[in-house]
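Let us walk through a protein model step by step. Keep the sequence and the 3D view at hand.

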Amino acid sequence: MALMKPAIAFITPPFFWASLPLPGLGYLMDRAQNLGFETRLFDLNLRYYKILGAMKKDWTVNRDYIQPGSMEALHNQAPFVLEELYSELSQGHYAYFAISLFKGNFHFADPLSKELKTRFPQVKILWGGPQLFTLYSQHKDFGSFSYVDHFVVGEGEKALEKVLSEEGERIHLFEQEKDLQDFPRYQGIDLKAYPRKGCLPIVGSRGCVNHCRFCAEKHLFKGYRFRQAEDILSEMEFHRTNNNIGHFIFYDSLFNGHLKNLEAMCQGIIRRNLKCTWEAQIAVNNRMNGDLMELMKAAGCVNLFIGLESGSDAVLQKMNKAFSVNEASLFLRQLSQAALQFEISIISAFPGEEIHHHQETLDFLRHHKKFIAKIAQVSSYQEYPGTESGPAQEEAVAVQRLKEIRTLLINEKIPFTPSYIDNLV
Ligand code: B12
Ligand code: SF4
């Protein structure tokens, strides 16, 4: 009988959005399984989310936990969660603990890793996830995290393969997938445990063709790569058939980065009679014509998220957005004509935004209110590591502008979710 390879525990500490499984982990677990490793997911984020019912409403917007002490605070509320984790881990034959880090869970993931190293010194600890780029910008050699064995900045599949084959370096930087044909099958993940039923995330591309100054995308994925329409369709069909999934949320940062591929995907959904709905994040792009928009609608698109960010040309230029206010206006009208529902986001008080620029944004919202189904998010500008927009404006200015936008939305009856106003972390 072949000897079983050692197991990997994938651990996701809180806080982050708990509604759906993380596709990034789906990819990594599949890769490890293909190499013959046993994998198990310990979604601590989901475990706490389910237990701490009273906090659910605040789960994605509560900032108290995005600071040192978050592990102790959650532990004090539900001490058995970590006790169970330690007990389950001690019953397995784990060789690796693979931990995903985000800004929102760093202050849990870090002390947890330290504790795990103390309890299981023989198990190698791997860190990956978007927060690794931030940590890399701050501590190039990761010297202060002696309890972590491997650090993976950027995509994880290749680095994980190397680590598992014992050829892994201590630090892996931007080792990207060339071929994005694969898709996560989520084997070993209980999809029914997630709050949002009948729905899965899907990733059709990585990276972005644009270079907005405030955006960290270019530091997560180098260059834009998209999956062929047929591969995306195979993924949708697989989950439609095997997991009864009827709705897909594309997690691409730029879903409309390759219009021919987008068209082929929509045609394929209709041709294969997939009978599903989907939503995605797109950028203003006037090369998308009315026919393509109507095709998207016919192929099941029920919502789009658009990063408009400002209604001022001067600010759009400062942001290095790839469109003008007039182009955005035309684009939103065309989407509306094609009966495609969309939500937009605004970044207020961007560095260099003057009071008359802010006024232009208010005017834009007022003039386009009948087209905009909803405001997805309004936030004052936050500086991200590695981005080049400059320091945020004075807090009093940012607070005042947000207040004015909120008042306008209320007065003009433009729908918005209050917790998504100023919720950037
Ligand atoms: C879809 C999305 C969302 C969705 C769903 C989020 C979710 N948690 O599932 C929604 C809309 C809810 C959302 C909300 C927010 N998001 Co968001 N989101 C994304 C987005 C666009 C896609 C994520 C994704 O699936 N990518 C595709 C997969 C393949 O990549 P991946 O997850 O990074 O996984 C790869 C690697 O990171 C690595 N990896 C991951 N884990 C591990 C573990 C190990 C051990 C290893 C070796 C490797 C590894 O390998 C994976 C495969 O290659 C990313 C940007 C991006 N393009 O990735 C931002 C992103 C993750 N979001 C971000 C932020 C800031 C937020 C918000 C906090 C925004 C806000 N309101 O302030 C909220 C937070 C909500 C919350 N509490 O979770 C940041 C996170 C920055 C950080 N340092 O943590 C990102 C990176 C965008 C950015 N600013 O650059 N988001
Ligand atoms: S279009 Fe979106 S993902 Fe691309 S650089 Fe701009 S903000 Fe980032």
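At roughly what angle do the axes of helix α1 and helix α7 cross? Keep in mind that this is a predicted model. Two packed helices are described by the angle between their axes and by the distance between those axes. Find α1 at residues 23-34 and α7 at residues 157-164. Their axes cross at roughly 35° and come within 10 Å. The crossing is right-handed.

Now look at the side of each helix that takes part. From α1 come Tyr 27, Leu 28, Arg 31 and Ala 32. They meet Glu 157, Leu 160, Glu 161 and Leu 164 of α7. Five residues of this contact are nonpolar and three are charged, while none is polar.

Next, turn to the nonpolar cores. The largest one holds 60 residues. Phe 248, Phe 250, Leu 304, Ile 306 and Ile 344 have the most contacts inside it. Helix α13, residues 325-337, gives the most to this core: five residues. Pick out Ile 306. Leaving aside residues up to four places away in sequence, Ile 306 touches Ile 282, Val 284, Phe 342 and Ile 344. Another core lies apart from the largest one and has 48 residues. Tyr 94, Phe 97, Ile 99 and Leu 135 are among them.

Which residues surround it? Start with the cysteines: Cys 208, Cys 212 and Cys 215 are part of the shell. Asn 210, His 211, Glu 217 and Ser 253 also belong to the surroundings of ligand 2, as do Leu 254, Ala 283 and Gly 307. By type, the shell has five nonpolar residues, four polar ones and one charged.

How values were computed:
Residues are numbered from 1 along each chain as its sequence is written. Chains are lettered from A and ligands numbered from 1 in the order in which they are written. This is a predicted model: local features need pLDDT of at least 70, side-chain atom pairs count only at pLDDT 80 or more; totals for chains, interfaces and linings use all residues. Axes are lines fitted to C-alpha atoms, for helices over the stretch in contact, and angles run from 0 to 180 degrees between N-to-C directions. Helices (H or I, at least four residues) and strands (E, at least two) are DSSP runs, numbered from the N terminus. A crossing is left-handed if the near helix is turned anticlockwise from the far one by less than a right angle, and right-handed if clockwise. Two residues are in contact if their C-beta atoms, placed from the backbone, lie within 7 Å. Ala, Val, Leu, Ile, Met, Phe, Trp, Tyr, Cys and Pro count as nonpolar, Asp, Glu, Lys and Arg as charged, and the others, Gly among them, as polar. A residue is near a molecule or strand if its C-beta atom, placed from the backbone, lies within 6 Å of it. A nonpolar core is a set of buried Ala, Val, Leu, Ile, Met, Phe, Trp, Tyr and Cys residues joined through C-beta atoms within 7 Å. A residue is buried if 20 or more other C-beta atoms lie within 10 Å of its own, exposed if 12 or fewer, and partly exposed in between; C-beta atoms are placed from the backbone.
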